[in-house]
Every structure is written in structure tokens, then in C-alpha cells.
Amino acid sequence: MTSDDVLLSKQGAKRTLLVVEDNEINRMMLCAVLEQDFYIVEAEDGLVGLEKLAERYQDISLILLDVYMPRCDGFEFLRRKGEDERYNTVPVIVTTAGGSVEDEIRCLELGANDFVVKPYNFEIIENRVNNLIRLRESAMLVNMLTWDADTGLYNKEFFYRAVVDESAHNPGIELDFVIADVENAPSLNDRYGEAHYAVLLRELADQILRKLPKGVIGGRIGPDKLAFVVPHEQDCNWEERLSLGPENLSPQNVSVKFGVVEHMDMSLSVPKVSSLASSAAATIRGRYDVRVAVFDDELHNRQLLEETIRESMESALGDLQFSVFYQPKHDVHTHRVGGAEALVRWFHPTVGFISPGLFIPIFERNGFITRLDMYVWEQACKEVSRCQALGLPEVPISVNASRLDFDLRDLPQRLAAIADKYEIPHSLLHVELTETAYADNPQRVVDTLGELKKLGFSIELDDFGSGYSSLVSLNTLPLDVMKLDMSMVRKATELNDFRIVESTINLAQVLGLQTVVEGVETTQEARRVIEIGCDYIQGYYYAKPLNREEFEDYLRRDATGECDE
Ligand code: C2E
Ligand code: CA
Ligand code: CA
């Protein structure tokens, strides 16, 4: 029965009563009166009564029970009814003749709820029956609103309230908050179905409850999230404490991540604490080696910074807090600067410098990256145009494109329109993309790059060798340049073995691609990659990313050969 069913049935539907009475005349009288408002199930003694109860307990709203009957009397009936949990919520009114106090006490002890005395006063009976039914239905409703039927834990609202009550009643006691997040819930639901998922969740809840100390408050606060509040324990080893047994869970591969907030700050709302615990759990999603993450200062600071970033990104764009730096690329063949990569910088008025390594991933999550990339593209176009006006050497500028940019159907047209606004030859603009863009939506990326190339832009594959490089993307994408990720040079230096760098450059050459080696920092590294035969080098050894003035100065000095010294 759901809470809706209870509400519906409350609105006037006829309830069913079980009348257990051996005296036929009494029974008929009771039935005759009650029939107008109730469906009646009759039983001529306790045994028949128990049979009828077993058949119909889900519809029976109340039992009227005689005490003295042959075969199985009212006491025996109550005793046996009490043994079966399913009948717990069905109330009983005992009908006694003469009203013996001993009988009444015995019946109460056995779980009876009320009495009426023979001979019957029907008005009293009807009122008592109605009162008890109302009471029972309100209690059932409250139950449904309080407990989560799958796990037996509190539901979300009651859990939050219980935690607040607990802390109000025991203000001196520090509390810890634990969230359990079932990582692979969607696949479990798919594989086993909802009903079996509910069983798994119940097993999970039971296991966790067994692991946690007494006095724990538990709630189901989301379809796949359980939460627990426990008295704080000094130096608790959470990994150990929350190690779930292999019992019924692991064969089904239920993957649970825990997030813990120690010393709950009760000035925060419980949902807020719960979101902190969730964010801790989120940091270890997908990891096999760790199951528990405790919310600590580092995570807290990172969150504050992320919040600041999200809140101020819009205004930062308008207030020109983003500026574009240019990192020169050294052309190995001409010994001159052969291009530059546009790299965005954020100088925040209160936080100070924020690294792109921090804000780019956030923008990639919330989609803001596309607007920023368009801004950087425009700045790069402006810069090319300035260099032309200043009579500086014309070098192509490479601009990073995030994988999200490829969701813009008109990306090529937009980029071309901006370049044309500044009257820049498209050959002076390169687009850098990473393989992850390709992996997301291969056909879209292939088509977009094809159009970009038709418009005259060059395409560079960024960070090659950093992750899951696939030869498929090399073969399928219309590329001009391969950029070897700096981790390749780092590794080669560490192992004093450049063979992988060498084979990668050979591969690029076979495919007719130019090569840029990134992250070259030392003379030895530069010498080695030049020997191997790369075309361009981008790294601190030649130049760091430079602001506009520095970059223009660099170009000027490069033209006069000063940068060679
Ligand atoms: P990336 O595209 O791989 O850019 C190269 C990064 O390596 C830059 O970091 C650069 O400063 C750094 N670097 C260059 N030479 C060296 C070296 O010799 N040694 C070391 N240790 N590092 C070197 P940066 O500027 O912090 O940018 C980090 C990442 O942020 C970039 O990696 C890129 O993925 C992203 N990014 C930067 N600007 C933009 C942008 O405008 N749009 C998009 N979508 N992403 C951007
Ligand atoms: Ca890049
Ligand atoms: Ca790169």
C-alpha cells in the first residue's frame, strides 16, 4: 500500500471488519448494525478467525474479538496474531461480557487495543471502531512518510530532521556525517531490475549499520545515496571501519564510494553538509584503490576556488581579466621563430593569478570554455593584425579548441568571420585540438576539421602521446601538424632513451605531418630532438609564454637575430 492508497482509502471507501464471535445471535446483531458502513468478514471461533486473518489481513482494517469461544478463545487468538509481524498493524477491539478486570489486563498484555462491554451499545461500538481505524491509518501514513521502504532507513526529510533533533538534544556531542554513494547504480538497475536493486540497497544499508557505532542515524537521501550520522570518534580509520564484507554485495559488484565530513558544523544545514560529503566522495569516483574520502581543508579550498571561478567567469570576460599570452615555437630549419601558441591567463582581482590548469577543466564542465575560446581566437587575430601593422615577422598563431567547441555546428564559419573581420590570411591561424575531442564525436570532428581546412586553417593534433593515443585518429583526421606531448620528452630524459620520441616523429613524417615537440627545457633535450628531426620546438628552453608586449619584442629581436644569442 502506498501513501496515496492510504489517502484514497481514507476518503470514504468502505473498510473491512473481521468479527470473531461464536454466539450466532451476537454476531448477527453486530453484523446487521455494522454492515451499513463496513464490509464484514465473519468467523465463528478463533481458529476460523485466524484463517480469515491470514487470507485477508491486507484488507482488514479492524477485528472485533469475543473472549470466550470454543476451540480457540480470544486470548489464544491474540497470542497467535502477535506472533506474526504482518498482522501487527491490525487493531483489535475485544468484546467482554461483564467486564472482568483480569480479562481486560490479559487482553491488553496480548496486544488488544480497546474494549466494548456486552450487551452491546451500538453507538459506542461504531465510535470506537471508527476512532481506532482513523488512528491506525494516520499512523500508517506517518510511517510511510518517515521511512524508506527499500532500506528501512529514514527518508530524506525525516533524516534531516532527526539529525537536527539529535544535535539539539545533545549539543556537546560532535557528529560525523557519512555518505554512501552507489557508483554503478544505473548499470545495476539495468542488469538486475528495480526490485533487486532495492534488495541490494537494503543489504548495503544493513552492512553499513553493522559497521557503525551505536547511536547512528541513517537515511536514504537519494535514489543511490545513503547517509549516516554518528558520534565523532577520535582518529577513526574510515577505510577500515567502512570495509564492507564480501557477503552478498561483492558478487553483484556493487561499487560504493564514501564521503565523510568529520565534526559536522551545525551552523550549516544538513543538506549542505551532505553536499560537502558528496563532493568528497566525487573526488574518488571511478577509482579502484580508495573507497573513502574525507572532506578536508584542501578540498574545501578547492571548492571555494571553484565557486569563485564559476561566480566570476562571466564578469571576468567583460572586465578583460583574461589575457592571452603567446609562447613562441622555434623553427628548427630556419633557426627563427616559426609560430606561437596562444595561451590564456586569468588575473583575478582578489584571487590573483589563476592557472588555466585549474579553470579550463571547470569551464569544460559548465560549457563556458566555448565563449572563452572564441575570445582567445579573436585576441589572436587582433595580435596577428597588430604584428602586421608593426612590420614584425608574420608567424602563424595556434589557438586551442576545446572538444566542446565542436558542438557548435557553425564553428568554421564563426572562426572565419572573426579572422575576416581583422583581414587576416587564414594560413596564419592554426587550430589545436586533442584526441579526446575526436573520441567524443568522431564524425562531427572529421567534418568540422575538413571545413576548417577548406577555409585555409591548419590543424594541429595537441598532446599526442599523453593518454590513449590512437592510430585511428591519425589516419582519419585531416591533420597538418602533430604536437608531441611534453610527457614524452620528460620520460625520454628520465630514461635517457629517446627511441619513442624518435619513432613517433618518424610516424608523423610517414603520414606527411609536421612535428612540434613540446616541453623542451634543456640544451640536451633540444639537441636530441633536433637530431631526431623534429620541425618545431616549443618549450621553456627557447621561450616561456609571453605577454603581448614581450611577444612583440621577441619577434622584433628574432628578426634581427638577437634571440640566437
Ligand atoms: P597545452 O595546450 O598543452 O599548452 C602547453 C602548456 O605547457 C602551457 O601551459 C605552457 O605554458 C606549458 N609549457 C610550455 N613549455 C613548457 C616547458 O618547457 N615546460 C613546462 N613544464 N611547461 C611548458 P598552460 O599555459 O598552463 O596551459 C595549460 C593547458 O591549458 C594547455 O595545455 C591547454 O590545454 C589549456 N589552455 C590554455 N589556454 C587555453 C585556451 O585558450 N583554450 C583552451 N581550450 N585551452 C587552453
Ligand atoms: Ca595546446
Ligand atoms: Ca599540448
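Q: Which elements each supply at least two residues of the lining of the largest cavity?
A: This is a predicted model, in which local features need pLDDT of at least 70 and side-chain atom pairs count only at pLDDT 80 or more, while totals for chains, interfaces and linings use all residues. Residues are numbered from 1 along each chain as its sequence is written, chains are lettered from A and ligands numbered from 1 in the order in which they are written, and side-chain values use heavy atoms, with hydrogens and water left out. A cavity is a set of points on a 1 Å grid over the protein atoms alone where a 1.4 Å probe fits but cannot get out, and its lining residues have an atom within 4 Å of a point; helices (H or I, at least four residues) and strands (E, at least two) are DSSP runs numbered from the N terminus. The elements that each give at least two residues to the lining of the largest cavity are helix 14, strand 15 and helix 15.

Q: Which element gives the most to the lining of the largest cavity?
A: The lining includes Asp 373, Met 374, Trp 377, Val 399 and Asn 400, around about 70 Å³ of space, where a volume is the space filled by probe spheres set on grid points joined across faces, edges and corners. With three residues, the element that gives the most is helix 14.

Q: How many residues of the lining of the second largest cavity are charged?
A: The second largest cavity, of about 50 Å³, is lined by Val 384, Cys 387, Pro 393, Glu 394, Val 395, Ile 397, Phe 551 and Leu 555. Ala, Val, Leu, Ile, Met, Phe, Trp, Tyr, Cys and Pro count as nonpolar, Asp, Glu, Lys and Arg as charged, and the others, Gly among them, as polar. On that basis the lining has seven nonpolar residues and no polar ones, and the number that are charged is one.

Q: Are helix 14 and helix 22 oblique or roughly parallel to each other?
A: Their axes, which are lines fitted to C-alpha atoms over the stretch in contact, with angles run from 0 to 180 degrees between N-to-C directions, come within 12 Å and cross at roughly 45°. Angles under 35 degrees count as roughly parallel, over 145 as roughly antiparallel, 65 to 115 as roughly perpendicular and the rest as oblique. Helix 14 and helix 22 are therefore oblique.

Q: Are helix 15 and helix 17 roughly parallel or roughly antiparallel to each other?
A: The axes of helix 15 (residues 411-421) and helix 17 (residues 442-454) come within 9 Å and cross at roughly 30°. Because of that angle, helix 15 and helix 17 are roughly parallel.

Q: Which residues lie nearest the centre of the largest pocket?
A: A pocket is an open set of points with protein on both sides within 12 Å along at least five of seven lines, and the largest pocket has a volume of about 920 Å³. Its lining counts 15 nonpolar, nine polar and eleven charged residues. Of the 35 residues that line the largest pocket, those nearest its centre are Glu 341, Leu 343, Asn 400, Asp 462 and Asp 463.
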